[in-house]
Amino acid sequence: MTRLFPQSLSKTCNQALSSYQAEIDRLTLYEDRIEKARQIWPHRKQNNPFEEVKEKLAAMCSGARRCHYCEDSYADEIEHFFPKVIFPEKTFVWNNFLLACGPCNSPKSNKFAIFEKESREQLNLTSQYSLKKVRKQPPPIGDPVLINPRNENPLDFLFLDINDSFMFTEIEEDEESEAYQRAYYTIQILKLNIRDDLVRARKSAYGNYKARLREYIIERNLAQSSKTAELIQNIQQELHPTVWAEMKRQHNHIPELNELFSTAPEALSW
């Protein structure tokens, strides 16, 4: 996971989303707002404004419409970062949308936890706000435990081992800290380490990035400007941008990467 580049919607699309959201927000009771969100979401998301929503979300993807969470599988599902069954007031809010694949969206689903504002205790909202319960009151105010790639850099919390396992670990070592808990929760909820194909894909991406960088160095030395521009673009559009970000972050500690980036230091800015 890396931070996503922001995209803006047109005025027309924003107005449409606001009108859909107003259908929910005008209701007084919390349980009524949840039910309204559940009812109208499947129908409203088929309307024209969502063509633009999907287009803008796809523009944030790495490679060919890859998942905003795992960066690997094809993303074809609009995902609510704040689940609409708990936060109906965010059902049609642009900044609450991500584009996700089934293997990420399915296990994440409505699972959500917060750090309660005053106590900073981690509260699992899923068990308290399941669809099988009648929920009379909205959740307490707090901050998400799950890392949100739309407005923060996941690599401030996560470290991807590109030297051996190609699995994520927590940067913060103190298990009592919020930073550790956020990293651990994100890894577990999205199953970022237990999907074997996903781990293998990161390793494959690592090899692809190295090969492209070596090719770039050769073409640059031959003064092939058109070819080097194409290779830079290919690197920037390669799958698993987290692997590339970690190659830049860890290059001083991995000899083959240190040699490559020493030869092409400009690549550190890509």
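This briefing describes the fold of one protein chain, from its overall build to individual residues. The structure is a predicted model. The chain has ten helices and seven strands, and 48% of its 270 residues count as buried. Its C-alpha atoms fill a box of roughly 70 × 45 × 30 Å, taken along the principal axes. Among contacts with a separation of 6 or more, 68% join residues 24 or more positions apart.

- Strands of a sheet pair through backbone hydrogen bonds, either parallel or antiparallel.
- In this chain, three strands form an open sheet in the order 4-3-5, and their pairing is antiparallel.
- Strand 4 (122-124) and strand 5 (142-144) are the edge strands, since each pairs on one side only.
- From one strand to the next, the twist averages 35°.
- Helix 6 (residues 178-189) packs on this sheet and touches strand 3, strand 4 and strand 5. The direction of helix 6 makes about 170° with that of strand 3.

**Strand 3 and its partners**

- Strand 3 (residues 113-116) pairs with strand 5 in the antiparallel sense over three bridges.
- Two positions illustrate this pairing: Ile-114 stands opposite Pro-144 in strand 5, and Glu-116 stands opposite Gly-142 in strand 5.
- Strand 3 also pairs with strand 4 in the antiparallel sense, over three bridges. Here the bridge partner of Phe-115 is Gln-122 in strand 4.
- Strand 3 and strand 4 form a hairpin with five residues between them. In the turn, Arg-120 has a positive phi of about 60°.
- Ala-113 and Phe-115 point one way from strand 3, whereas Ile-114 and Glu-116 point the other way. All four of these residues are buried.

- An α-helix has 3.6 residues a turn, so residues three or four places apart point the same way.
- In helix 10 (residues 255-263), the residues Leu-257, Leu-260 and Phe-261 are buried.
- Because these residues cover an arc of only 90° around the axis, they lie on the same side of helix 10.
- On the other side of helix 10, Pro-255, Glu-259 and Ser-262 are exposed.
- The buried residues of helix 10 pack against helix 7 (196-221) and helix 9 (241-250).

**Positive phi angles in two loops**

- Ser-109 lies in the loop between helix 4 (102-108) and strand 3. Its phi is near 45°, a positive value in a residue other than glycine.
- Ser-109 has a relative accessible area of 33%, so this residue counts as partly exposed.
- Lys-191 lies in the loop between helix 6 and helix 7. The phi of Lys-191 is near 55°, again a positive value in a residue other than glycine.
- With 34% relative accessibility, Lys-191 counts as partly exposed.

**Ile-40, a buried residue in helix 2**

- Ile-40 is found in helix 2 (residues 30-44).
- The relative accessible area of Ile-40 is 4%, and the residue is therefore buried, as the cut-off for buried is under 20%.
- Apart from neighbours within four places in sequence, Ile-40 is in contact with Tyr-20, Glu-23, Ile-24 and Phe-92.
- Ile-40 and Gln-224 are 184 residues apart in sequence, and their C-alpha atoms are 55 Å apart in space.

**The largest pocket**

- Rolling a probe the size of a water molecule over the atoms shows where empty space is left.
- The largest pocket has a volume of about 720 Å³.
- This pocket is lined by 25 residues. Those that lie nearest its centre are Thr-2, Arg-3, Phe-5, Pro-241 and Ala-245.
- Helix 8 (225-236) and helix 9 each supply at least two residues of the lining of the largest pocket.
- Helix 9 gives the largest share of this lining, with five residues. The buried residues of helix 10 also pack against helix 9.

Methods
Residues are numbered from 1 along each chain as its sequence is written. This is a predicted model: local features need pLDDT of at least 70, side-chain atom pairs count only at pLDDT 80 or more; totals for chains, interfaces and linings use all residues. Side-chain values use heavy atoms; hydrogens and water are left out. Two strands pair if DSSP finds at least two bridges between them. Helices (H or I, at least four residues) and strands (E, at least two) are DSSP runs, numbered from the N terminus. Axes are lines fitted to C-alpha atoms, for helices over the stretch in contact, and angles run from 0 to 180 degrees between N-to-C directions. Contact means heavy atoms within 4.5 Å. Buried means under 20% relative accessible area, exposed over 50%, partly exposed in between (1.4 Å probe, protein chains only). The arc is that of the directions from the helix axis to the C-beta atoms. On a 1 Å grid over the protein atoms alone, a cavity is a set of points where a 1.4 Å probe fits but cannot get out, and a pocket is an open set with protein on both sides within 12 Å along at least five of seven lines; lining residues have an atom within 4 Å of a point. Grid points are joined across faces, edges and corners, and a volume is the space filled by probe spheres set on the points.
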